[in-house]
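Student: I have a structure open and want to learn how to read it. Can we go through some features together?

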Amino acid sequence: MGKTGHRSKGARKKRSGETRLARAWALMEEDRFQQAEALLRRDPSPEARFALGYALAFQGRHEEALALYRALYRESGSHRALHQVGMVLRMAGRLKEALAVFEEEARLLPPDPLARSVNLYERGYTRLLLGEKEESLALLRESLAEAEASLDPVAQASAHRGLLEWHLRLGREGEAQRHKEAAIRLFLKAGDPKGAEEMDGLA
């Protein structure tokens, strides 16, 4: 009886942690990053710390987010944690450092089209921000091809978004509109109306 009760209590604790994590992600979807942070501070699990990095980064607290993701990478060796280091560096405007991190991550990736698509997107988008037009276009096109191979609509939408921004910067309105329509359709297919709405602010 005691053992059963002990397992039940552990399961309840696990479900509670999962619920807290899901609630924190939902709060971040609503841009309520401080509230999400307060929830996540109560959970020391790697998953909660990973989410906490988002809450910190989107509050502009880049150094705190970088320290957290670098610690997670040291502990786990996970390319996902390293990817987040690059993302926060990009958000902070440290583009050359970000690109170096994304290129390091590329060497760690498993043979998985979704992981490759996400990495290629960041490398392409960062090079676009650095003004490297041809290199960025090749990477963003490759990101879209890997996203299509993955059958993941969010990855596909993100790749189209990157290509939309590329064509806008080059003044190619027709191609930009084509990628905008594809991105909206795929974000909606993925159940991400917020992602679809953001397209209107780009073109």
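Tutor: Start with the polar contact: a pair of N or O atoms within 3.5 Å; within protein, one must be able to donate a hydrogen and the other to accept it, and residues adjacent in sequence count only if both atoms are side-chain atoms. Note that this is a predicted model: local features need pLDDT of at least 70, side-chain atom pairs count only at pLDDT 80 or more, and totals for chains, interfaces and linings use all residues. Residues are numbered from 1 along each chain as its sequence is written, and side-chain values use heavy atoms, with hydrogens and water left out.

Student: With which side chain does the side chain of Ser 136 make a polar contact?

Tutor: With that of Trp 166, at 3.0 Å. Ser 136 belongs to helix α8, residues 133–150. Helices (H or I, at least four residues) and strands (E, at least two) are DSSP runs, numbered from the N terminus.

Student: Is Ser 136 buried or exposed?

Tutor: Buried means under 20% relative accessible area, exposed over 50%, partly exposed in between (1.4 Å probe, protein chains only). Ser 136 has 0% relative accessibility, so it counts as buried.

Student: What is a nonpolar core?

Tutor: A set of buried Ala, Val, Leu, Ile, Met, Phe, Trp, Tyr and Cys residues joined through side-chain atoms within 4.5 Å. The largest one here has 29 residues. Met 28, Leu 40, Tyr 69 and Val 88 touch the most other members. Helix α3 gives the largest share, seven residues. A second, separate core has nine residues, including Leu 128 and Trp 166.

Student: How do I read aromatic pairs?

Tutor: Rings of Phe, Tyr and Trp (its six-membered ring) pair if their centres lie within 6.5 Å; planes under 30 degrees apart count as stacked, over 60 as edge-to-face and the rest as tilted. By this rule there are six pairs. Phe 50 and Tyr 54 form a tilted one, 6.1 Å centre to centre, with 50 degrees between the planes. Both lie in helix α3, four residues apart. Phe 50 is buried at 12%, whereas Tyr 54 is partly exposed at 22%.

Student: How are Tyr 121 and Tyr 125 arranged, stacked or tilted?

Tutor: Stacked: 5.7 Å centre to centre and 5 degrees between the planes. Both are buried, and both lie in helix α7, residues 113–129.

Student: Which charged end sits over the ring of Phe 50?

Tutor: A charge sits over a ring if NZ of Lys or CZ of Arg is within 6 Å of the ring centre and within 35 degrees of the ring normal. Here that is Arg 80, 4.2 Å from the centre of the Phe 50 ring.
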